[in-house]
Amino acid sequence: MKKRLALICCIISCMLVMAGCSFSLVKTNENFDTKVLEENTDSFVQSWFEYDFESAVTDYAGQLDDETLSQYKDSKKLRDKYGKYDKKDDSSLTITTDTATVTETVLTDSGKKLVFSVTYDEDGNTVSWNVDEYKTKGEIMGKAGLNTIMSMGIVFIVLIFIALIIAQFKHLGNIFNKPKEIPATVLEPVPAAPVVIEEEEDLTDDLELVAVITAAIAAASENECTDGLIIRSIIRK
């Protein structure tokens, strides 16, 4: 039990130290006058509803950068959509070391709201500004949920597509490894060599012939003795 309490105390101490460090890193500039900044923002918002953005885009198109030109065009569309200024609905101030940002929610005569964010430097000069459509927390959460569902759907579709491609590798391998067809001429059977059957020679008549020839040779050689005389072969012509 003591170990658990000690662990909880350590965790709480670490959280307090981290919070103190983060608070010390972001020091607010006390020289900013909150009332003056809010008054300047009110003046800016009212002038935004009265400014002729269309003429500015037409007359100074070559002098304005792309970002400012796009901002003017979007401002004209928002003003045409929401109508004229009615009243200020809410305002908040965020101050850092060198800048201050006033966020003001304005109600228009169409019953809809716009959110203005104006940032000032240390001297109170306008550094940047932005206008967005007002959205409730439900709309923000709904849009975030829709984006999450769409992102997950895209991921699953890509994974299914990759799985289908991998599944086709087997068929591709069978196509590339398909044995080549052997031409019909190659498959024709080679005729076997004729078998020559040697007929056995009937030597019955040859023995008589050998005896006659032997006697003839002996007579021709004037030697009646046939001892040592051997006839090895007889060739017929």
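User: What must DSSP find before two strands pair?

Analyst: Two strands pair if DSSP finds at least two bridges between them. This is a predicted model. In this model, eight bridges join strand 2 (residues 100-108) to strand 3. The two strands run antiparallel.

User: Which residue of strand 3 is the bridge partner of Thr103?

Analyst: Ser117 is the partner of Thr103.

User: What lies between strand 2 and strand 3?

Analyst: Four residues, and the two strands form a hairpin. Look at Gly111 in the turn: its phi is positive, about 90 degrees.

User: How many bridges join strand 3 to strand 4?

Analyst: Seven, and these strands also run antiparallel. Strand 4 covers residues 126-133. Tyr120 has Thr126 as its partner in strand 4. Leu114 has Glu133. The hairpin of strand 3 and strand 4 has five residues between the strands. Gly124 in this hairpin takes a positive phi near 85 degrees.

User: How do I read the sheet as a whole? What is the strand order?

Analyst: Start with the general idea. Strands of a sheet pair through backbone hydrogen bonds, either parallel or antiparallel. Here four strands form an open sheet in the order 1-2-3-4, with antiparallel pairing. Strand 1 (85-95) and strand 4 are at the edges. Each has a single partner strand, so one side of each lacks a neighbour in the sheet. Direction ignored, neighbouring strands are turned by 20 degrees against each other on average.

User: Is strand 3 largely enclosed or largely open, and why?

Analyst: Count the buried residues. Strand 3 spans residues 113-120, and six of its eight residues are buried, so the rest of the structure largely encloses this strand.

User: Which strands does helix 2 lie across?

Analyst: Helix 2 lies across strand 1, strand 2, strand 3 and strand 4. Its angle to strand 3 is about 125 degrees. Helix 4 lies across strand 2, strand 3 and strand 4, and runs at about 40 degrees to strand 4.

User: How do I read the crossing of helix 2 and helix 4? At what angle do their axes cross?

Analyst: Check the angle against a range. Angles of 65 to 115 degrees count as roughly perpendicular. The axes of helix 2 (residues 34-50) and helix 4 (residues 66-82) come within 10 Å and cross at roughly 85 degrees. The two helices are therefore roughly perpendicular to each other.

User: Which residues meet there?

Analyst: From helix 2, Trp48, Phe49 and Glu50. From helix 4, Ser75, Leu78 and Arg79. By class, this contact has three nonpolar, one polar and two charged residues.

How values were computed: Residues are numbered from 1 along each chain as its sequence is written. This is a predicted model: local features need pLDDT of at least 70, side-chain atom pairs count only at pLDDT 80 or more; totals for chains, interfaces and linings use all residues. Side-chain values use heavy atoms; hydrogens and water are left out. Buried means under 20% relative accessible area, exposed over 50%, partly exposed in between (1.4 Å probe, protein chains only). Axes are lines fitted to C-alpha atoms, for helices over the stretch in contact, and angles run from 0 to 180 degrees between N-to-C directions. Angles under 35 degrees count as roughly parallel, over 145 as roughly antiparallel, 65 to 115 as roughly perpendicular and the rest as oblique. Contact means heavy atoms within 4.5 Å. Ala, Val, Leu, Ile, Met, Phe, Trp, Tyr, Cys and Pro count as nonpolar, Asp, Glu, Lys and Arg as charged, and the others, Gly among them, as polar.
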